[in-house]
Amino acid sequence: MNEKEALVKIQEVVDESSKKYMRSALMKIVYTEHLTDKDVYYCIGDDQPNLVLRIFVSENDDKFKEIENLEETIEYTRHFRVDLLPKLDSVSTAVTENDTYDIEIENPLDNGGVEVKLKSSVGREITMVEIYRYFDFVSKIFFVSCISLSYGGQYLFSVLPGGKQMRIILTNEEAVRSRVNMITELLTNRALPSYRTIEEGNKLLQGEIKAQITLDGEDGKPVKYQCNFCYDDPKTETRFAFFGKLNDKGEEDENHGGIILVCDIFNNNTLKTADHWSEEQKKSLEEIREKLRNNDSDTQDHVASYFADDLDFRYKAFKEGRLPTEEKPTEAK
């Protein structure tokens, strides 16, 4: 059986198995290994990055089946990359692409998901669906999880500065793994917020869109404020939001003053004035203001965008049963 005939049979297997998922994917054979008792086909679909290949086996009766056990698939992929690939004179460009992908288009779907179209370093086009988009300001990583359309493959990416590219997260670094484990547990329990799209999330995080509120002034007239930054206090598990007053032209001026509010990230970022704070929060704020005035070295570790969540606060509240679930996507305001 030649490769063209084999690809037809492999595509039939994928078309059938993909009925359990969103839709099928266009497959490509990157290498065929002929063994005494079977042929092994190393393949990649247009709904997956270059990480773990999909493996199909044909035995003497020419029936094709896919290896679905993840550990076996990983081992076959390792065998291909370590034992076979170095000996090949030519190889499909699909398995030479690097771990960074351009974000071409994001398409919001009717079911609330987001379809993302990527382009690899060799020009291969990939279509996946984003599960969540979450920025962890402690690790400074904008995590995005995507799934393949035709099978249960799930991939974790980080958004690169500028918001136009994503890179597959491959590291086993403990600091990153622990953050991912917390995110996964929250996601599984439907307690993780998500930006509506990568594009909108990046605009919010980069300050292109700032949170604004209107409060009644001393004369009863409305006064507009704009959030400059937030400070997450680990001592009281409180987010203090620092707002500057805007003038009639919508511009901020230091002479106009400002206001500090407590931002409840678990309740749609509800804001509370000082008359609703605990004595512990009031005392902690004075210490924070002193640190900010003195530019203490650790202050930036606690400074966050108004639109950034606090993973440590959220996870602790979840474990203690204080966290509401069914978080809605964060939208630009």
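Guide: To begin, the side chains of Ser145 and Gln154 are joined by a polar contact of 3.1 Å. The model is a predicted one.

Visitor: What makes the pair Ser145 and Gln154 a polar contact?

Guide: The cut-off is an N or O pair within 3.5 Å. The side chains of Ser145 and Gln154 are at 3.1 Å, so the pair falls within the limit.

Visitor: Why is Ser145 called buried?

Guide: Buried means under 20% relative accessible area. Ser145 has 2% relative accessibility and therefore counts as buried. Ser145 lies in strand β8, residues 141-147. Beyond its neighbours within four places in sequence, Ser145 is in contact with Val129, Glu130, Ile131, Tyr132, Gln154, Tyr155 and Leu156.

Visitor: Why does Lys291 count as partly exposed?

Guide: Partly exposed is the range between the buried limit of 20% and the exposed limit of 50%. Lys291 has 30% relative accessibility, so the label is partly exposed. Lys291 belongs to helix α5, residues 279-293. Not counting residues up to four places away in sequence, Lys291 touches Tyr231, Asp296, Asp298 and Thr299.

Visitor: Why are Cys43 and Cys230 called buried?

Guide: Cys43 has 0% relative accessibility and so counts as buried. Cys230 also has 0%, and therefore counts as buried.

Visitor: How do you know that the length of helix α1 agrees with its number of residues?

Guide: Helix α1 covers residues 3-17, and at 1.5 Å a residue its 15 residues should span 21 Å. The end C-alpha atoms are 21 Å apart, so the two values agree.

Visitor: What makes the buried residues of α1 line one face of the helix?

Guide: The buried residues of α1 are Ala6, Ile10, Gln11, Val14 and Ser17. Seen down the axis, they fall within an arc of 140 degrees, so they line one face. They pack against β1 (27-34), β2 (38-45), β3 (54-59) and β4 (64-66). The face turned away from the buried side carries the exposed residues Lys4 and Glu12.

Visitor: Which side-chain oxygen reaches the backbone nitrogen of Lys4 at the start of α1?

Guide: A side-chain oxygen of Asn2 comes to within 3.2 Å of that nitrogen.

Key
Residues are numbered from 1 along each chain as its sequence is written. This is a predicted model: local features need pLDDT of at least 70, side-chain atom pairs count only at pLDDT 80 or more; totals for chains, interfaces and linings use all residues. Side-chain values use heavy atoms; hydrogens and water are left out. Buried means under 20% relative accessible area, exposed over 50%, partly exposed in between (1.4 Å probe, protein chains only). Helices (H or I, at least four residues) and strands (E, at least two) are DSSP runs, numbered from the N terminus. A polar contact is a pair of N or O atoms within 3.5 Å; within protein, one must be able to donate a hydrogen and the other to accept it, and residues adjacent in sequence count only if both atoms are side-chain atoms. Contact means heavy atoms within 4.5 Å. The expected span of a helix is 1.5 Å times one less than its number of residues. The arc is that of the directions from the helix axis to the C-beta atoms.
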